[in-house]
Amino acid sequence: MTKRLKIINVVGARPNFIKIIPLIDEYKKHPGKFDSILLHTGQHYDFDMSKIFFDQLSLTEPNIHLGVGSGSHAEQTAKIMSGFEQMLLKEKPDLVVVVGDVNSTLACSIVAAKLTIPIAHVEAGLRSFDRTMPEEINRIVTDALSDFLFTTCEDANINLKREGIPEKKIHFVGNVMIDSLMKFKDVADHSNIRKTLGLDSKPYGYITLHRPSNVDQRKSLEGILNAFEEIGHELTLVWPVHPRPRKMIESFGLNSVTARMPNLVVCEPLGYLDSLHLMMHARLVLTDSGGIQEETTVLKIPCLTLRENTERPVTITEGTNALVGNDPAKIVAEAKKILSGINKSSQIPQHWDGMAAKRIVDTLLQSKLN
């Protein structure tokens with residue numbers, strides 16, 4: 001008889017919750033096989049960033065909460081490492097599962113590795129090849145330390161092999177974020193958010209914006225806002241503004257730019273279901289997020305990514321995504337192409353079929369951990 005695998009599943013930031021839900025669901029399909037513990041580092045903890053996931057998506061509350069809060073990258077990482085080490089020494093799990101590329105992913109991987117506890121990285125191998133991005137450092141270090149590297153696409157497999165990761169550690173399973181999208185798509189479709197925002201049946205574009213390269217410098221932020229203004233002459237734009245860009249708009253005195261846009265609908269940050277609903281029905285999406293590039297590809301919604309690079313190139317080569325950087329002229333030109341009916345051909349990448357979590361759990365059941 002095989003033993004129960006004791007697994008610590010680490011979450012810390014909004015995207016982590018979307019990625020962990022399918023795994024938690026899949027463990028439950030194998031009674032007696034897993035002792036699954038959900039640990040929240042507290043890296044992000046306000047209602048819209050995390051608690052809403054427990055309330056809306058029927059995710060059980062974390063078994064352990066480290067409550068580290070905000071801070072610089074070094075401060076936050078150090079707090080997570082200290083708290084996580086104490087927890088591992090107490091719990092003695094067989095495996096630590098980390099997802100994505102946030103500070104919690106890096107910090108918990110380092111601690112587990114030093115305690116010789118096996119690590120599984122879900123969404124391994126993604127690379128932007130831009131080490132000025134903190135997430136890129138987190139991805140590289142986590143992958144170097146992990147024993148199971150669960151990848152979303154062939155590009156990720158190639159990246160890992162190039163970095164010297166043994167092929168036996170690499171498992172091409174698909175995309176857990178798409179597992180969640182498929183699970184909650186029908187629920188999200190019943191959201192009233194369009195009615196709440198006064199959109200009714202009118203066409204609109206959906207905006208998400210938060211990266212420092214876009215919002216922390218006046219020139220880039222003002223240019224992006226000017227691009228939104230130009231696009232807004234042809235299309236209503238919906239923008240749930242997160243605290244960082246809101247703060248920087250105030251700081252740079254750019255409120256007058258947004259105030260003169262009659263077709264800009266600004267609201268508070270939204271939960272996953274409302275966000276998914278707005279994406280599903282958008283004419284186009286303007287974003288600097290990683291996961292939204294994947295979601296729009298599956299939803300067949302044109303996506304313009306306001307970055308110079310992406311760690312998800314499959315969304316460009318196969319999906320609906322295009323890189324436009326933060327050059328206002330390019331943003332406007334590409335948006336106008338879409339609005340004129342010029343859409344790129346696309347397909348859904350291999351294994352983005354709602355079965356990624358099943359492949360991950362099947363791999364763990366067949367592993368030497370068992």
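Modeller: Contact means heavy atoms within 4.5 Å. This is a predicted model, in which local features need pLDDT of at least 70, side-chain atom pairs count only at pLDDT 80 or more, and totals for chains, interfaces and linings use all residues. Residues are numbered from 1 along each chain as its sequence is written, and side-chain values use heavy atoms, with hydrogens and water left out.

Biologist: Which residues does Val10 touch, not counting residues up to four places away in sequence?

Modeller: Val10 touches Leu39, Thr41, Phe84, Val96, Val97, Val98, Val99, Ser104 and Cys108. Val10 itself lies in strand E1 (residues 5–11), a strand being a DSSP run of E with at least two residues, and a helix a run of H or I with at least four, numbered from the N terminus.

Biologist: Is Val10 buried or exposed?

Modeller: Buried means under 20% relative accessible area, exposed over 50%, and partly exposed in between, with a 1.4 Å probe and protein chains only. Val10 counts as buried because its relative accessible area is 2%.

Biologist: Which residues have the most contacts inside the largest nonpolar core?

Modeller: A nonpolar core is a set of buried Ala, Val, Leu, Ile, Met, Phe, Trp, Tyr and Cys residues joined through side-chain atoms within 4.5 Å. The largest one has 61 residues, and Leu23 and Leu278 have the most contacts inside it. Helix H1 (residues 14–28) gives the most to this core, with seven residues. Apart from it lies another core, of 29 residues, including Ile224 and Leu306.
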